[in-house]
Protein chains: 2
Amino acid sequence: MSSIDQVALLAKVSVATVSRVINNSGNVSPETRQRVLAAVERLKYQPNAMGSLLRKEHTGMILVMLHSVDNPFFAPIVQGIESYAQTNGMNVLISTTYGDPSRESHYLELVKTHFVDGILLIANTMTLEVLNELSTRFPVVQVLEYLEDSEASRVTIDFHAATVELIEGLVAKGHRHIAFVHTGLEHIISTQKKRQAYVEVLAKHGLPPYEIPGPHDFGYESGAQLARQLLETHPQISAFFATSDLIATGILSTLEAMDVQVPKDKAIVSFDNTVFATLSRPTLTSVEVNGYELGSQAMDYLFRRIHQKKYRDKVCLTLPYTIHHRDSE
Amino acid sequence: MSSIDQVALLAKVSVATVSRVINNSGNVSPETRQRVLAAVERLKYQPNAMGSLLRKEHTGMILVMLHSVDNPFFAPIVQGIESYAQTNGMNVLISTTYGDPSRESHYLELVKTHFVDGILLIANTMTLEVLNELSTRFPVVQVLEYLEDSEASRVTIDFHAATVELIEGLVAKGHRHIAFVHTGLEHIISTQKKRQAYVEVLAKHGLPPYEIPGPHDFGYESGAQLARQLLETHPQISAFFATSDLIATGILSTLEAMDVQVPKDKAIVSFDNTVFATLSRPTLTSVEVNGYELGSQAMDYLFRRIHQKKYRDKVCLTLPYTIHHRDSE
DNA sequence: GGGGTGGGTGTAAACGATTACATAAAATAA
DNA sequence: TTATTTTATGTAATCGTTTACACCCACCCC
């Protein structure tokens with residue numbers, strides 16, 4: 001690996017001049033510039049990032065913590081982040097946590113040691129203490145999921161309002177027995193908000209809630225299994241409210257296997273509006289969050305937080321959502 | 001941000017001693033260690049990564065270049081990579097390229113400047129020159145997709161053999177008019193290999209090929225659209241060979257809309273064996289690659305390439321695949 | 001001719017760690 | 001007691017850059 005000194009030597013100039021050529025900073029005569037560039041080419045010189053970053057305040061890297069790379073739901077968020085980053089000269093790196101706190105805190109080291117300038121948390125699972133400690137000292141923004149009483153900033157949607165709208169819709173269509181089907185990830189705020197809204201709306205109309213604890217996964221299987229259990233014990237259920245459309249797809253498969261017609265016999269509504277909502281038959285009514293907007297807004301705040309020291313106050317942004325009514329209700 | 005000098009000052013020791021405590025290297029008396037740790041705690045000292053990495057040969061980071069984070073197909077590969085990395089003390093960072101060469105070369109800078117130690121390319125689109133230049137100078141491994149005549153190492157599967165097996169299966173079932181439906185991403189090696197095998201098998205049996213150029217996307221829509229076009233012009237087609245199961249899902253939706261029964265009237269076989277293959281109705285016959293194994297094997301080679309200078313020869317690994325026969329044929 | 005101005009370049013001090021080497025003190029051996 | 005090893009610590013060089021500062025020289029303007 002050739003270093004800047006070797007280039008300087010070969011071009012018969014000082015390292016300062018080489019640096020000026022590389023970074024297009026300061027004044028360099030055309031002839032000298034040529035000599036330097038020739039030497040760079042000769043030696044295939046590439047500046048070492050650690051050397052230069054040591055002198056700078058920022059690395060220009062930001063880290064996105066993601067559950068995994070197989071969830072279509074997160075893709076638009078990541079795109080929003082990357083698009084903002086690109087136009088502002090930052091680089092986005094992604095790490096996957098699979099909901100494992102130890103993996104999370106492992107990657108947090110990257111911001112603590114200033115390897116990256118900031119972190120965007122998508123569906124993090126760390127404790128309140130860890131998060132608060134982190135967010136007071138480093139640029140951090142929570143995206144979508146968040147810890148309610150945390151000091152950390154966040155960009156999210158109003159899960160409560162969206163759920164109220166969904167359930168009220170079902171009630172208006174005459175449903176009196178509506179079940180709540182979720183992933184078993186009790187602690188995440190979206191599930192809590194959805195459950196709370198669900199319970200409130202039912203209570204308001206004097207209707208009974210139906211819910212059984214589910215396995216801890218993201219999806220299809222648990223939806224199928226929970227639907228089966230619910231219908232065995234409570235055949236009067238006429239509508240399902242699923243916390244994700246992958247779960248809804250699972251419910252659909254159970255209903256199909258039981259020869260139950262959707263939406264004639266049972267209705268289904270869900271969240272996320274991923275490709276599964278339009279791919280399934282019937283298509284699913286689902287709540288869409290504008291992931292792209294969510295991502296770029298989060299990035300916008302993070303960017304300001306990184307570059308303006310005064311910009312330290314907690315920010316809570318709530319973006320609008322859209323309900324797509326389709327054939328499942 | 002407190003630095004090591006401030007800790008040294010507060011603990012009344014030299015920076016060398018602080019460093020020894022932090023890294024558990026060399027001998028430090030228990031009392032001194034305590035004083036240093038107390039100072040570290042007081043100042044909330046975190047070593048700056050750039051400072052220490054400047055002295056080291058490696059950063060312990062490797063970069064995975066991915067198309068996007070919404071493809072379930074890549075998830076096992078990433079998991080295999082991460083699992084290997086974790087047990088070997090490395091960190092995995094992911095970047096998305098969306099097939100954009102400029103984004104690719106942008107992220108390549110990270111290995112050139114020694115910000116990361118090596119790169120795993122999943123479905124890269126760079127030119128042969130760029131890749132060769134890169135791979136001779138830096139640790140790079142191609143995963144799954146690759147450039148045929150490149151100097152760069154790769155870990156992949158035998159697309160040709162898998163396709164032969166699929167098509168021969170269809171022929172054995174009596175199909176005489178089999179269409180080839182792909183994404184329009186002509187240049188990628190898997191598409192080429194699949195087409196070549198498809199053409200060979202048909203030729204061997206004296207059967208006609210059916211193929212029309214498709215739109216450049218990954219999926220569902222193009223599958224649906226191409227199936228419609230193919231059947232309009234060639235109603236005799238009785239089986240579809242799709243290069244991905246997302247495409248196959250699109251084909252299915254068209255057949256459903258046309259009231260064509262699968263597999264009674266038409267058969268479908270595909271690649272990837274993602275969640276879409278089991279979610280769709282009917283379920284899809286699909287080729288499974290062992291992504292986890294693919295990822296960890298690739299990482300294993302990359303790791304050795306990084307840490308043993310002699311380990312420079314090109315390696316081409318071909319891992320086995322599995323065909324899951326399901327209800328679509 | 002003297003005093004600016006500014007372009008082109010070099011010197012050397014950072015940045016924040018690690019570590020080879022030196023040294024002093026303590027423990028051990030003779 | 002003295003010689004020898006071991007332990008604990010400090011000094012300073014080093015990693016590869018960037019950049020403040022100093023310098024020289026050419027040019028221009030009175």
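Trainee: Which residues of H9(A) are buried?

Mentor: Buried means under 20% relative accessible area, exposed means over 50%, and partly exposed lies in between, with a 1.4 Å probe and protein chains only. In H9(A), the buried residues are Ile189(A), Ser190(A), Thr191(A), Lys193(A), Lys194(A), Arg195(A), Ala197(A), Tyr198(A), Val201(A) and Leu202(A). Please note that this is a predicted model, in which local features need pLDDT of at least 70 and side-chain atom pairs count only at pLDDT 80 or more, while totals for chains, interfaces and linings use all residues. Residues are numbered from 1 along each chain as its sequence is written, chains are lettered from A and ligands numbered from 1 in the order in which they are written, and side-chain values use heavy atoms, with hydrogens and water left out.

Trainee: What do the buried residues of H9(A) pack against?

Mentor: Helices (H or I, at least four residues) and strands (E, at least two) are DSSP runs numbered from the N terminus, and contact means heavy atoms within 4.5 Å. The partners of the buried residues of H9(A) are helix H8 (159–172), E6, strand E7 (209–210), strand E8 (239–242) and strand E9 (267–271) of chain A. Just after H9(A) comes Gly206(A), with a positive phi of about 65°.

Trainee: How many residues does helix H9 of chain A have, and what should they span?

Mentor: The expected span of a helix is 1.5 Å times one less than its number of residues. Helix H9 (residues 189–204) of chain A has 16 residues, which should span 22 Å, and its end C-alpha atoms are 22 Å apart, in agreement.

Trainee: Where is Phe180(A) found, and what is Phe180(A) in contact with beyond its neighbours in sequence?

Mentor: Phe180(A) belongs to strand E6 (residues 178–181) of chain A and is buried, at a relative accessible area of 1%. Setting aside neighbours within four places in sequence, its contacts are Thr191(A), Lys194(A), Arg195(A), Tyr198(A), Tyr210(A), Glu211(A), Phe241(A) and Thr243(A). Consider Tyr210(A): 30 residues separate it from Phe180(A) in sequence, yet their C-alpha atoms are 6.1 Å apart in space.

Trainee: Which residues of H3(A) are buried?

Mentor: An α-helix has 3.6 residues a turn, so residues three or four places apart point the same way. In H3(A), Thr32(A), Val36(A), Ala39(A) and Val40(A) are buried. Viewed down the helix axis, these buried residues fall within an arc of 100°, so they line one face of H3(A); the arc is that of the directions from the helix axis to the C-beta atoms. They pack against helix H1 (4–11) and helix H2 (15–23) of chain A. The face turned away from the buried side carries the exposed residues Pro30(A), Glu31(A), Glu41(A) and Arg42(A). H3 (residues 30–43) has 14 residues and reaches 20 Å from first C-alpha to last, close to the 20 Å expected.

Trainee: Where does Lys12(A) lie, and is Lys12(A) buried or exposed?

Mentor: Most residues other than glycine have a negative phi, and most peptide bonds are trans. Lys12(A) is not a glycine, yet its phi is positive, about 55°. Lys12(A) sits in the loop between H1 and H2 of chain A and is exposed, with a relative accessible area of 71%. In chain B, phi of Lys12(B) is near 55°, and Lys12(B) is exposed at 70% relative accessibility. Lys44(A), which follows H3(A), also has a positive phi, near 50°.

Trainee: Which residues does a cis peptide bond join in chain A?

Mentor: Arg281(A) and Pro282(A) are joined by a cis peptide bond, with omega about -5°. Pro282(A) lies in the loop between helix H12 (275–279) and strand E10 (285–289) of chain A. In chain B, a cis peptide bond joins Val262(B) and Pro263(B), with omega about 5°.

Trainee: What rotation superposes chain A on chain B?

Mentor: Copies are superposed by least squares on the C-alpha atoms of residues with pLDDT of at least 70 in both. A rotation of 180°, with 0.0 Å of shift along its axis, brings chain A onto chain B with an RMSD of 0.1 Å. That is the relation of a two-fold axis. The same surface serves both copies, since 100% of the contact residues of chain A recur in chain B.
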